[in-house]
Amino acid sequence: MSCSADAVKDKLLWNVKKEVKQIMEEAVTRKFVHEDSSHIIALCGVVEACLLHMLKRRAAGFLRSDKVAALFTKVGKTCAIAGDVCRKVQELQQQVESRKNQPNGQEPLKRQGSTTSKTPVLTPQAIKHIWVRTALIEKVLDKIVQYIVDNCSKYYEKEALLADPVCGPILASLLVGPCALEYTKLKTADHYWTDPSADELVQRHRIHGAHGRQDSPSKRPALGIRKRHSSGSTSEDRFAASAREYVESLHQNSRTHLLYGKNNVLVQPKDDLEAIPGYLSLHQSADSLTLKWTPNQLMNGTLGDSELEKSVYWDYALIVPLSQIVCIHCHQQQSRWTLVLVSQDGTQRPPLHFPQGGHLLAFLSCLENGLLPRGQLEPPLWSQQGKGKVFPKLRKRNSNKSVDLEEMPAEDTSTDYVFRIIYPGHKHDNNTSEMIEMQGFGANLLSWQLEHCSQGSSCISCSMGSSPYDIPSCCTCIHDRTPLKMLCESMKRQIISRAFYGWLAHCRHLSTVRTHLSALVNHSIVPPDRPACAAAGLTKELWSKYQKDRKNYKELELLRRVYYGGVQHEIRKEVWPFLLGHYKFGMAKKEMDQVDADIALRYQKVMAEWKACEVIVKQREKESHSATLAKFSSGSSIDSHVQRLIHRDSTISNDVFISVDETDPVEQEPRGQEEPTLTAPPAAAEFDSPDSGLPSSRNYSVASGALSSIDDGQGGSFEDGPEEEGSAEGARAGHRARPGLLQPQDSVPEEQPGSQLGSQHYLLDVASVCAASYTIELLDTVALNLHRIDKDVQRCDRNYWYFTAENLEKLRNVMCSYVWEHLEVGYVQGMCDLLAPLMVILDNDQLAYSCFSHLMKRMSQNFPNGGAMDTHFANMRSLIQILDSELFELMHQNGDYTHFYFCYRWFLLDFKRELLYEDVFTVWEVIWAAKHISSEHFVLFIALALVEVYREIIRDNNMDFTDIIKFFNEMAEHHDAAEILRIARNLVYKVQTLIENK
C-alpha cells in the first residue's frame, strides 16, 4: 500500500515538473507567456490534481462540487493572500455570467464601440481552472501552496502529497518559477501557432483532418494565412505573416506605392457561390506590379471566431503579379463592366465586376501609368481634351468609317475590349499571339485595327485562293474558317510542345534520382507477399522450424519476414545475435558454442586488463587527494608535484561535468528530465572525443593537465588517415608497453570467475607488478573515460524496470570493456543508450559485449570521430527534395532548416529516445534486416517518415527550426512506430521504383 501511495505522489510531482519545464521554456524562447497559453492550462490542471490528492472531506465541502473552490474559500479565511484571490475570482465569475446573459445582438456592437472592454473573455478551459489560474496570474500561487503545506493538518490526510514533509515543500518550490513570470493578454502575430503544445497540434490536426480532403481549406486551422490563388515567386505573394500585416500592406507604405484602390468590387470565387464584395488595389514596387483583391469580411473585421470561416475567406483572396498576365478582357453588361485577366498559359483568373460608373476606365488608366516605362497596353487608351483617358475608337462591322463610341446607337455599341500587356524591346514568345488567336483573332489582325467586311458579302480575291491561308495583301476580309484553323494548329503545337517538355523534364528528373539516390537503396525489390505474406513477421513457430532444419530456410527469407513484420518478443534473445552478426545464419550448434567460448575468453581478458588499470587509477586518485589534504592541513606550500596532481584531478572533474551536463547535445532527456534541449548541430556540440575539432585531443591533453600533449598531429580529424594512426599510436602506447601484464597463457586467473575474492587478489597482484608499465597519458585517458561512464551509467534509463543495481554494474562492465579496446575514440555520450536495449533483450553481458561491438561498427561513424552524420543530412536533403518538394520549399522558406540538424539525435541513437522501449526493439531489428532487404540507409527513410507523418501540421503551422525542434522533443515517445515503419517501407519502394523507371 505504501509503495503504491509513493508512486502516486511521484507521478503527480513528475507531471508538475514536466509542465513547469514547458512553461519556463516558453518564457525563455518568447520572453513572455500568454494568459491563454495551453501550457498555463496544463500546469493548472496538474496543480489542481496535487491539491485534491487526499483532501479531507470537511475541507472539500460536503455539498460543493468544486472542491478547489471550497479549499481556496476555506484557506482564504485565515490567509489574506488567498482571500484576495477569492474576491478576484468571484468578480471574474460575475462578469462571465453577465456576459453570458447578454443578448447575442449586443456583443458585436460592444466590440465595435469599445476596444478596451473590461469584461474578460475566458476560454472554457480557463473557467474550469479559474481558481488556480487566477492565483498563478497574480503571482501568489506558490505562497498559497506554501501556506497550505505549513497548515496541512487542517486540510489533508496524513498520506496526502501536501502533507508529505518532502513532496509538499518541493511542490511549493516548483511553483516559484512560474509565479515570477510575466503574463500578457496581447495577441501576437504568431500566438495562434507557436503557443499550442505538440499534443494539442496533433489533436487539432486529427479534428480538422476528419473533414474534407487533403487540400480542403476546412482541414487547416487558420494558424497561418495562405493565399492559394497566388502564383508569385516572392514570399509576400505566398504567405502573409498575419492578418494585420496583410491589411497594412494594402495601403500606401515605404515599400510599395498604391496606384488604385476601390471597394465593393465583386468576385465570384466558385461557380456554386455568390459574388463576394471586396477591396481591389493596385500596388507598384521597385520591380513589380501587383493586383490584390481582399474580401470585405477580412477588411472590416466582421468575421466571427470560427477558424474555418477565416480560412475560407483567406482562400478566396487574390494576389496576381501582372508580369504573368498577357491579356485583359473587358465586357460590359447592363452598364456594369467585368474585367477578366488571362495568364500566359491561357488560364483565366476569376472575373472582377466593377460597380457602375467610370471605375474600370480609371483602373485601366492607373494600370497603364504603372506599366510605364517598361510596358504598355495595346491598344493604348486615348486622351481626349476635357475628358482625360477614354477607350479607343472602334470600327463598326458594317461601315468603313470610324465612329466614336458615344455617337453610336445603343444597339450598335461594341461592349467588348481586349487589351494586351506588352513590353517593347523584349522578344515575345508565341504564347501571346497564340492567346490572341484563341480569343478569335488572327496573329496580326486585331479587332481595333481592322475594318470588317459584312458577313453577307463574298470576296472574289479570297475565293480564288487555293488555301484559306493565302490571303492577298489587298484584301481586308477575314474568313470565318481562318481563325478556327489557326486555333487548331496552335493547340496542336502547344500539345506537342508540352508533351515533349514534360517528357524531357521527367528524363532529367529520373537522371537526378539515379545519380543522387541510387546508392541509398538496393536495386532489387523484395516484395512483402512472395513467396508468402511476411506481415506477421518472424514468429516462434517459424524460428523453431528453422532451428530444426537450417538448410531449407534461406537467410533472405528470414530477413524478409523481420523487415516486414519484426520479431516475436519471445525469440528476440535468440534472433538478435544473428541479426547483429554474432552468429552467421546456417551455423551449426557446435560452431555457435565455439563462437560463444571465444567471446567469453576475449571478454574475460579485456575485463581483467581494464580492471587492473582501474585499480591503479583509483590508487593514484586516492594518493593525490591524501597529499592535497596533508599539504593544506600543514599549511606549507604546495610543491610542483602536488600542484600537477591537483591540476590533473580538477581538470578531469570539471571536464566531465562540462562535457556531460552542458555541451553534449545527446544528453537531452525527452522523458521529463531536466536536461538541455537539443538545438545545435554537431558543429556546435563538443563531444569529448579526439575528433571534436579542438586544437588537441580532449581525451588526453585536457585530462593530463600540465602534461604535454602526446602527438603534435593528433589534433586533426581521424578521417585524414595519417593523423588517425598517430592518435591511435599515442593512445595505445602504454597499452603495448606492458610486457608482463597479461599474456594469452595467463589471461584468465586461476580462481573461478564467480569468486570475487580471488579476482580482487589477482587484480591487486597485477596492479602491483605492472603499475610502472602504464604511461601517464594512458592512465589519464582511462580515468577520464571511467568518470564519464560512471556518470552516464547511473542515469541510463533509470525508470525502466530492468536496470537494477546489479544490471547497471553489468552495463558498466560491458561499456568499459568496449572503451578499453577503443581508447582512441573513448567513451562518448550516447553509447550507453545504444547498449541498454541490448542488455534488456540479451540479458547476458558477454553476448551483449559481442553484439554491441558489431553494432558500433555502424553506429560509431555517427559520433564526432566519424563522418556519417554530415552524409545523413545531405542524403535527407536529396530525399525530401525528390519525394516531397512542397515540404522542402516550405522548410526552405521558413528559416531554411533543410540542413536537417533537428534529426541529429535520431541518427545518433537510432531513434532510441524518440520511441517507447517496446517500439525501439521493433525499429532496430527492422533497421538491421533492411540492410539485406531494401536499403543499408534505412534510418534515412525512418527519419523522412517521421517528418511525413506530421507534414500537415508542419505545413499548416509554418514551423521554423525552433518550432520543429520543440515539436519533436514534445512528441518523443508518442509516435506510432508501426505507422512510421509502414511509411518508411513505402518510401524505399517509391525510390526503388523511380530508379527502375517503372
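Is His359 buried, exposed or partly exposed, and at what relative accessibility? In this predicted model, His359 has a relative accessibility of 24% and therefore counts as partly exposed, given that the buried class lies under 20% and the exposed class over 50%. His359 belongs to helix H19. Leaving out residues up to four places away in sequence, His359 touches Tyr260, Lys262 and Phe354. Along the chain, His359 and Arg336 are 23 residues apart, and their C-alpha atoms are separated by 9.7 Å.

The sheet on which helix H19 packs was examined next. The sheet is open and contains nine strands with antiparallel pairing, in the order E8-E7-E6-E5-E11-E10-E9-E17-E12. Its edges are formed by strand E8 (318-321) and strand E12 (376-378); each has a single partner strand, so one side of each is left without a neighbour in the sheet. Helix H19, which spans residues 359-371, touches strands E5, E6, E7, E9, E10, E12 and E17. The direction of H19 makes about 145° with that of E5.

Within the sheet, strands E6 and E7 are paired in the antiparallel sense over seven bridges, and a hairpin of four residues joins them.

In helix H11 (residues 167-174), the buried residues are Cys167, Gly168, Leu171, Ala172 and Leu174. These residues cover an arc of only 160° around the axis, which puts them on the same side of H11. Glu614 is located in helix H26, which comprises residues 589-634. The relative accessibility of Glu614 is 6%, so this residue counts as buried. Apart from neighbours within four places in sequence, Glu614 is in contact with Leu786 and Arg812.

Helix H36 (residues 868-883) and helix H37 (residues 885-893) have axes that come within 5 Å and cross at roughly 125°. On the H36 side, the contact is made by Arg877, Ile880, Gln881 and Leu883, and on the H37 side by Ser885, Leu887, Phe888 and Met891. By class, the contact of H36 with H37 has five nonpolar, two polar and one charged residues.

Phe911 lies in the loop that falls between helix H38 (904-909) and helix H39 (917-933). With a relative accessibility of 1%, Phe911 counts as buried. When residues up to four places away in sequence are not counted, Phe911 touches Trp906, Val920, Val939, Ile942, Ala943 and Leu946. The C-alpha atoms of Phe911 and Leu834 are separated by 10.0 Å, the two residues being 77 residues apart along the chain.

How values were computed
Residues numbered from 1 in each chain as written. Predicted model: local features only at pLDDT ≥ 70, side-chain atom pairs only at ≥ 80, totals over all residues. Heavy atoms only, no water. Axes fitted to C-alpha atoms, helices over the stretch in contact; angles between N-to-C directions. Helix = DSSP H or I, 4+ residues; strand = E, 2+ residues; numbered from the N terminus. Contact = heavy atoms within 4.5 Å. Nonpolar A, V, L, I, M, F, W, Y, C, P; charged D, E, K, R; others polar. Buried < 20%, exposed > 50% of the residue type's maximum accessible area, 1.4 Å probe, protein only. Arc of directions from axis to C-beta. Pairing = 2+ DSSP bridges.
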